[in-house]
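Please look over the sequence and the model before reading on. The report below treats a few local features in turn.

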Amino acid sequence: MIKTVNRVLLGLAGLILVVVGGAVLATGLGVSVPSWWPFDGKHDVLLSKADRTRWRDEGWWWPTVIAVLAVLVVLALWWLLAQLRRGRLAEVLVDSGDGEGALLRGKALEGVLGDEAEALDGVSDAKATLTGRRTAPRARLRLLMEPHATPGLVLRGVSEGAVAHARTSAGLEELPAEVRMKAVKHRAERVN
């Protein structure tokens, strides 16, 4: 999600800058522009003093400017916080029984979850991701199912096998898991 938002925002900002910059450059080089374009000559300014001060005396102007700026600040803060938030869990706190605890690398647990889920009959590929807090992790599994797989059996195998083993080995009371299944694309079988 974050990568998509970043790409869309950067793409829009780049597109706006290229269009406005190209239009100003074209006008400066003497290319004719539409009548509504505010900059229409080599020695003209983009915004005249009259254009810059036209709306100051209107009652709606300053509340609108403040509201737009407030929305931009909120969006910028949301974007900044989204950048700082980790999508994956780096480590899981394991209760070792001595009051100290131990740290288990999140990638190690993800690897074991994925490998054990992939070993099930009917699963072609499995990817696991840990999210949440290190004291209360959540698992997300994406399974690529073969054509002959039975989703109910695979789901039971994942919950009673991979997720249960991960929960027990990490000493967690619970490990909520979200499993997403997708079928492998294959050609239709021909019957003779």
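What follows is an account of an aromatic cluster, a helix pair and several individual residues.

The structure is a predicted model, in which local features need pLDDT of at least 70 and side-chain atom pairs count only at pLDDT 80 or more, whereas totals for chains, interfaces and linings use all residues. Residues are numbered from 1 along each chain as its sequence is written, and side-chain values use heavy atoms, with hydrogens and water left out.

**Aromatic pairs**

Two aromatic pairs are present in the structure, where rings of Phe, Tyr and Trp (its six-membered ring) pair if their centres lie within 6.5 Å, and planes under 30 degrees apart count as stacked, over 60 as edge-to-face and the rest as tilted. The table lists both pairs.

| Pair | Centre to centre | Angle between planes | Geometry |
|---|---|---|---|
| Trp-60 and Trp-61 | 6.0 Å | 75° | edge-to-face |
| Trp-61 and Trp-62 | 6.3 Å | 70° | edge-to-face |

Through these ring pairs, Trp-60, Trp-61 and Trp-62 are linked into a cluster. Trp-60 is partly exposed at 42% relative accessibility, Trp-61 is partly exposed at 24%, and Trp-62 is partly exposed at 46%; here buried means under 20% relative accessible area, exposed over 50% and partly exposed in between, with a 1.4 Å probe and protein chains only.

Helices (H or I, at least four residues) and strands (E, at least two) are DSSP runs, numbered from the N terminus. Helix 4 spans residues 106-118 and includes Glu-110, a residue that is buried, with a relative accessible area of 5%. A polar atom of the Glu-110 side chain lies 2.9 Å from the backbone nitrogen of Leu-130. Leaving aside residues up to four places away in sequence, Glu-110 touches Arg-88, Ala-128, Thr-129 and Leu-130, where contact means heavy atoms within 4.5 Å.

Helix 4 also packs with helix 5 (residues 151-169), at an angle of about 160° and with the axes 9 Å apart; the axes are lines fitted to C-alpha atoms, for helices over the stretch in contact, and angles run from 0 to 180 degrees between N-to-C directions. Helix 4 is therefore roughly antiparallel to helix 5, given that angles under 35 degrees count as roughly parallel, over 145 as roughly antiparallel, 65 to 115 as roughly perpendicular and the rest as oblique. On the helix 4 side the contact is made by Leu-109, Leu-113, Glu-116 and Ala-117, and on the helix 5 side by Val-158, Gly-161, Ala-162, Val-163, His-165 and Ala-166.

Helix 1 covers residues 2-28 and contains Asn-6, which is buried, with a relative accessible area of 16%. Not counting residues up to four places away in sequence, Asn-6 touches Trp-79 and Gln-83. Ala-23 is also found in helix 1, but Ala-23 counts as partly exposed at 22% relative accessibility. The C-alpha atoms of Ala-23 and Thr-53 are separated by 24 Å, the two residues being 30 residues apart along the chain.

Ala-90 is located in the loop between helix 3 (61-84) and strand 1 (91-94), and at 43% relative accessibility Ala-90 counts as partly exposed. Ala-90 and Gly-106 are 16 residues apart in sequence and, C-alpha to C-alpha, 4.8 Å apart in space. With residues up to four places away in sequence not counted, Ala-90 touches Leu-104, Arg-105 and Gly-106.

Notes:
Polar contact = N/O pair within 3.5 Å; in protein donor to acceptor, adjacent residues only side chain to side chain.
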